[in-house]
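I set out to record, entry by entry, what I looked up in this structure. The entries follow the order in which I consulted it.

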Amino acid sequence: MSDVINFLERMGQDAELRYASQDTIGTALADAQIEPQQRSAVLASDPERLRALLGHEPLFATLMMPGAIES
Amino acid sequence: MNTQPSAGSLVCVGIGITLGSHISPLARSHIETADMVFVAVSDGLVEQWVQRMHPDVRSLQPFYQTGKPRMQTYRQMVEAMLTEVRAGKRVCGVFYGHPGVFAWAPHKAIETARAEGYRAHMEPGISAEDCLYADLGIDPGTRGCLHFEASQLMYYRRRLDPSAWLVLWQIGITGDHGKNRFATNAAYLQVLVDVLARDYPLEHEVIVYRAATLPIHLPRIERTSLARMPHLALDAADTLAIPPAAPMEPDPEMRARLAALDLARADPVGT
């Protein structure tokens with residue numbers, strides 16, 4: 001049994017999965033025994049639902065101040 | 001006199017944009033072999049992925065707070081990493097994309113560590129810019145490509161060249177000059193449109209772009225006109241790509257000089 005983070009890593013690394021059909025991804029998710037709700041979120045390409053299922057809040061993303069650098 | 005570097009060290013690595021797809025073997029090795037790891041990424045799923053690569057991964061997210069001066073956040077990130085370097089640890093800072101592109105803290109941390117006598121360096125990663133070239137089919141070598149931080153284009157008078165591509169980063173926080181709202185609105189974006197309208201027609205096509213953070217979705221590629229751009233929903237990860245609006249202007253004087261040089265090379269003895 002895998003988990004969805006390992007599955008996402010595998011999707012990102014595997015040329016056969018990265019742009020695969022829904023059927024292929026669905027089969028891979030079933031083979032990896034991913035939990036049904038997470039499987040549904042992956043198949044729906046719904047990162048917000050997946051983050052919510054795993055308890056993640058939105059993260060701050062910017063690493064540079066808009067406009068000008070003050071050092 | 002002891003000239004040996006101090007025991008602590010710092011490496012800042014980029015893990016690329018898309019989870020699993022972009023991390024380099026060297027970046028992963030730095031993460032796995034460090035004494036401790038700090039992480040600043042844009043997605044909780046990506047942070048969870050990085051946490052599996054090392055038993056001591058500390059998120060830099062708690063330093064962010066809405067309303068807190070952004071530079072204070074970035075300085076605290078630097079200090080958190082440097083504190084462990086000074087304690088003799090081999091520290092790895094993990095950043096999304098490229099750690100040296102639109103990222104203040106990694107540059108500052110490396111500069112500070114070196115100034116204090118510690119070994120410090122940066123390993124590049126695949127940036128959002130790299131993804132943009134691939135996803136939009138742009139080769140910056142064909143027409144040239146200017147890049148600006150979007151707000152900087154409003155705070156300063158910059159010279160644009162509408163015969164080249166123009167890419168504006170952090171469009172989704174336009175006008176947020178250190179106020180840490182982490183958002184923008186149509187009024188701020190209209191100011192940016194007015195700046196761009198000095199060089200581009202309002203009906204000119206622009207492209208809102210966002211690279212794929214997870215392998216389960218596709219990049220955002222949304223085409224609209226410059227005039228309509230302020231009415232789109234944007235977030236901090238969105239970028240504005242503006243195609244060339246004018247042909248490249250030939251320079252007859254320089255062409256003549258180059259032609260003369262060609263002639264001189266063809267007839268080196270001047271006969």
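Strand β2 (residues 36–40) of chain B pairs with β3(B) in the parallel sense, over three bridges; I count strands as paired if DSSP finds at least two bridges between them. Helices (H or I, at least four residues) and strands (E, at least two) are taken as DSSP runs, numbered from the N terminus.

I note the provenance here: this is a predicted model, in which local features need pLDDT of at least 70 and side-chain atom pairs count only at pLDDT 80 or more, while totals for chains, interfaces and linings use all residues. Residues are numbered from 1 along each chain as its sequence is written, and chains are lettered from A and ligands numbered from 1 in the order in which they are written.

I then traced the sheet. It is open, with five strands in the order β3-β2-β4-β1-β5 (chain B) and parallel pairing. β3 (57–59) and β5 (119–123) of chain B are at the edges with a single partner strand each, so one side of each lacks a neighbour in the sheet. On average, neighbouring strands are turned by 20 degrees against each other, direction ignored.

Helix α1 (residues 25–33) of chain B packs on this sheet, where it touches β1 (9–14), β2, β4 (90–95) and β5 of chain B. I read its direction as making about 140 degrees with that of β1(B); axes are lines fitted to C-alpha atoms, for helices over the stretch in contact, and angles run from 0 to 180 degrees between N-to-C directions.

Next I examined helix α5 (residues 128–136) of chain B, where B:Ala128, B:Glu129, B:Cys131 and B:Leu132 are buried (20 or more other C-beta atoms within 10 Å of the residue's own, C-beta atoms being placed from the backbone). These buried residues fall within an arc of 155 degrees seen down the axis of α5(B), so they line one face of the helix; the arc is that of the directions from the helix axis to the C-beta atoms. They pack against β7 (165–169), β8 (205–210) and β10 (239–242) of chain B. Just after α5(B), I found B:Gly137 with a positive phi of about 70 degrees.

Last, I turned to the contact between the chains, which takes 40 residues from chain B and 28 residues from chain A (C-beta atoms, placed from the backbone, within 7 Å). α2(B) gives the largest share of the chain B side, five residues.

Note on methods:
Contact = placed C-beta atoms within 7 Å. Buried ≥ 20, exposed ≤ 12 C-beta atoms within 10 Å, placed from the backbone.
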